[in-house]
Amino acid sequence: YPVIPGKMTEMRRALGIPEDRIQPNLDQLKVWGVLQSGCAVADIIALFPRIEISKDTAVTAATDNTAKSGENAMEPDNVVDLVDIQALARIELRTARILVAEKVEGADRLLRMDIEVGEDKRQIVAGIAQHYEPESLVGRLIVVVSNLKPAKIRGLTSNGMLLAAKSGDKLRLISVDGDIASGVEVS
């Protein structure tokens, strides 16, 4: 009661304590059986209701906190989902060389590619067929998310994801400026 008198007053009323005894006598709190038996217990809403925060509210709150602290303030319209540094550190970006590229049968947008990530050879499937001819990709050095869980796409297993940038109808692969080996960590 001394710390949160408002909530404790609500609780004492719900327990059927008479109004003239709502403020507790601290000496009587040590005595058992002071409450009269048979008192009606009232229905009460939760004293401490759960606060439901939507994803949009959390992003706005995080943006507000960043702006208040003066660190890299971002406009709320530009914030989609903030990621902390630990989550970012888990993503492994590496260079990869495209060895083979071909269209996926029955899919207008998909290309299947065999890539080399250092010594590792793997297959990825990407929705870039409307932007690139398969033969133009062979030999290119691109950037991939190399530690992505495998996914099935049209019955094909994709072991990674290439990075690309899209603006309107234009899509461009993220590639390396200059000559460097495949499998090199991108930082």
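Start by selecting E116: apart from neighbours within four places in sequence, E116 is in contact (heavy atoms within 4.5 Å) with T95, A96, R97, L99, K121 and S182. You're looking at a predicted model, where local features need pLDDT of at least 70, side-chain atom pairs count only at pLDDT 80 or more, and totals for chains, interfaces and linings use all residues. Residues are numbered from 1 along each chain as its sequence is written, and side-chain values use heavy atoms, with hydrogens and water left out.

Now show the S182 side chain too: a polar contact of 3.1 Å links it to the side chain of E116. Polar contact here means a pair of N or O atoms within 3.5 Å; within protein, one must be able to donate a hydrogen and the other to accept it, and residues adjacent in sequence count only if both atoms are side-chain atoms. E116 itself sits in strand 2 (residues 111–117); strands (E, at least two residues) and helices (H or I, at least four) are DSSP runs, numbered from the N terminus.

Strand 8 (residues 164–167) pairs antiparallel with strand 9 (residues 170–173) over four bridges; pairing takes at least two DSSP bridges. K166 faces L171 in strand 9. Two residues lie between the strands of this hairpin, where G168 has a positive phi near 65°.

Last stop: helix 1, residues 5–14. Which of its residues are buried (under 20% relative accessible area, 1.4 Å probe, protein chains only)? M8, T9, R12 and A14. Just after helix 1, check G16, with a positive phi of about 85°.

Conventions. Buried means under 20% relative accessible area, exposed over 50%, partly exposed in between (1.4 Å probe, protein chains only).
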